[in-house]
Amino acid sequence: MALPQTPNSNGIDYIDDEDFIAFEIPWDSAGERLDKILASTLTEYSRSRLQTWVEAGAVTVDGEVRKARYLLKGGESVRVFPQEMPEQHAFAAENLPLVVQAIDETLIVINKPAGLVVHPAAGNWSGTLLNGLLFRFPELTQLPRAGIVHRLDKDTSGLMVVARTNIAQTALVRQLQAHLVNRRYLALVWGVAPTMGKIASSIARDTRDRVRMAVVGKDQGKTALTHFRRLAQGSFMGKAVSLLECRLETGRTHQIRVHLESLGLPLLGDPIYRKQVPSVAKELAFHRQALHAYALGLQHPQVDQPCNWFAPPPNDFIELLSLVQIATNTLPPHLPLSPDGGAQ
């Protein structure tokens with residue numbers, strides 16, 4: 001007989017009622033909190049895992065679901081119904097829509113939409129690009145990280161390459177390490193950008209905010225190098241906006257976003273890197289960083305020939321160009337657009 005669902009279960013299906021951990025609370029533990037007793041008694045499980053089970057309603061005291069802060073009286077009977085953790089399904093195949101730009105027996109080029117997380121991690125254990133790849137290409141279960149060799153931020157759109165063999169994955173990783181992969185991005189930033197420039201600043205995790213990365217001293221972080229050139233100038237409600245092409249030599253976390261913000265050129269729509277964002281930004285109906293990986297070039301790992309792929313920016317980016325008074329004909333010439341101005 002399964003434990004009945006409770007208002008605290010968050011929709012989790014419980015395992016069979018016979019499969020539980022039971023123990024009694026010592027009388028001298030009266031006044032202790034439930035979560036403290038669980039941590040000291042069930043030492044084989046992490047505190048975070050036990051906390052998750054309590055929040056899911058999978059822990060009962062004398063048959064009643066209790067909160068983590070519940071004060072025990074001593075002598076109670078505790079039952080813990082172990083739950084599968086979401087990370088146990090991180091590498092499950094899921095039928096997700098994927099836009100395949102190019103494919104052969106060696107590699108796959110994906111045009112990733114904004115909003116799609118690349119790899120499972122805390123807060124995103126399912127619905128990722130990796131889950132979708134495993135469904136469409138089951139052979140990728142044999143490769144580390146399902147053949148993924150580099151990433152794009154969740155809300156950055158554009159091109160990524162995925163390996164289909166061990167040999168290809170090794171070759172692509174080596175090209176990335178040697179800075180031989182040509183990755184170019186389109187970025188819309190606040191401010192008047194220089195005609196061209198190079199940013200060579202080390203990057204590390206921000207010590208005051210772990211969500212952010214930050215430009216740091218040369219010996220404090222990882223070397224990062226970004227080249228950029230201005231393609232066009234526009235404006236929004238009287239504030240200058242620049243369209244940039246950025247080329248990466250390294251691929252650090254949030255590299256373009258951090259580097260450009262350090263120059264006083266934060267990306268439009270970026271929810272994290274917002275220094276020197278003008279007050280009119282709140283009037284802009286664009287709620288992700290305006291960044292698109294439009295070009296990808298590399299040496300094919302099997303035939304040893306140079307390959308290049310291009311992807312026009314998605315429609316939301318094209319609409320943003322119109323809002324900031326930048327014509328689509330200022331985009332690089334490799335990007336054909338449909339007659340209505342959107343990506344083909």
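**Close-up 1. Asp270 and Arg257 form a salt bridge, with their closest N and O atoms 2.8 Å apart.** The pair links distant parts of the chain, 13 residues apart. Asp270 sits in the loop between H5 and S14, and Arg257 in helix H5. Asp270 is buried, at 1% relative accessible area. Arg257 is buried too, at 4%. The model shown here is predicted.

**Close-up 2. A salt bridge joins the side chains of Asp316 and Arg288 (2.9 Å, N to O).** Asp316 lies in helix H6 (residues 315-323) and Arg288 in the loop between H5 and S14, so the bridge ties together parts 28 residues apart in sequence. Asp316 is partly exposed, at 29% relative accessible area. Arg288 is buried, at 6%.

**Close-up 3. Salt bridges link Asp206, Arg208, Arg212 and Glu261 in a network.** Within it, the side chains of Asp206 and Arg208 meet at 3.9 Å, N to O. Asp206 is buried, with 8% relative accessibility. Arg208 is exposed, at 75%. The structure holds 10 salt bridges.

**Close-up 4. Ser202 lies in strand S10 (residues 202-205).** Ser202 is buried, at 6% relative accessible area. A polar atom of its side chain lies 3.5 Å from the backbone oxygen of Lys218. Residues touching Ser202 include Ala214, Val216, Gly221 and Thr223.

**Close-up 5. The largest nonpolar core has 32 residues.** Those with the most contacts inside it are Leu129, Leu133, Leu140, Tyr185, Cys246 and Leu260. Helix H3 gives the largest share, four residues. Leu260 touches Ala187, Val189, Ile199 and Leu244, among others. Apart from this core lies another, of 25 residues, including Phe236 and Val324.

Note on methods. Residues are numbered from 1 along each chain as its sequence is written. This is a predicted model: local features need pLDDT of at least 70, side-chain atom pairs count only at pLDDT 80 or more; totals for chains, interfaces and linings use all residues. Side-chain values use heavy atoms; hydrogens and water are left out. A nonpolar core is a set of buried Ala, Val, Leu, Ile, Met, Phe, Trp, Tyr and Cys residues joined through side-chain atoms within 4.5 Å. Buried means under 20% relative accessible area, exposed over 50%, partly exposed in between (1.4 Å probe, protein chains only). Helices (H or I, at least four residues) and strands (E, at least two) are DSSP runs, numbered from the N terminus. Contact means heavy atoms within 4.5 Å. A polar contact is a pair of N or O atoms within 3.5 Å; within protein, one must be able to donate a hydrogen and the other to accept it, and residues adjacent in sequence count only if both atoms are side-chain atoms. A salt bridge is a side-chain nitrogen of Lys or Arg within 4 Å of a carboxyl oxygen of Asp or Glu. Lists of a residue's contacts leave out its neighbours within four places in sequence.
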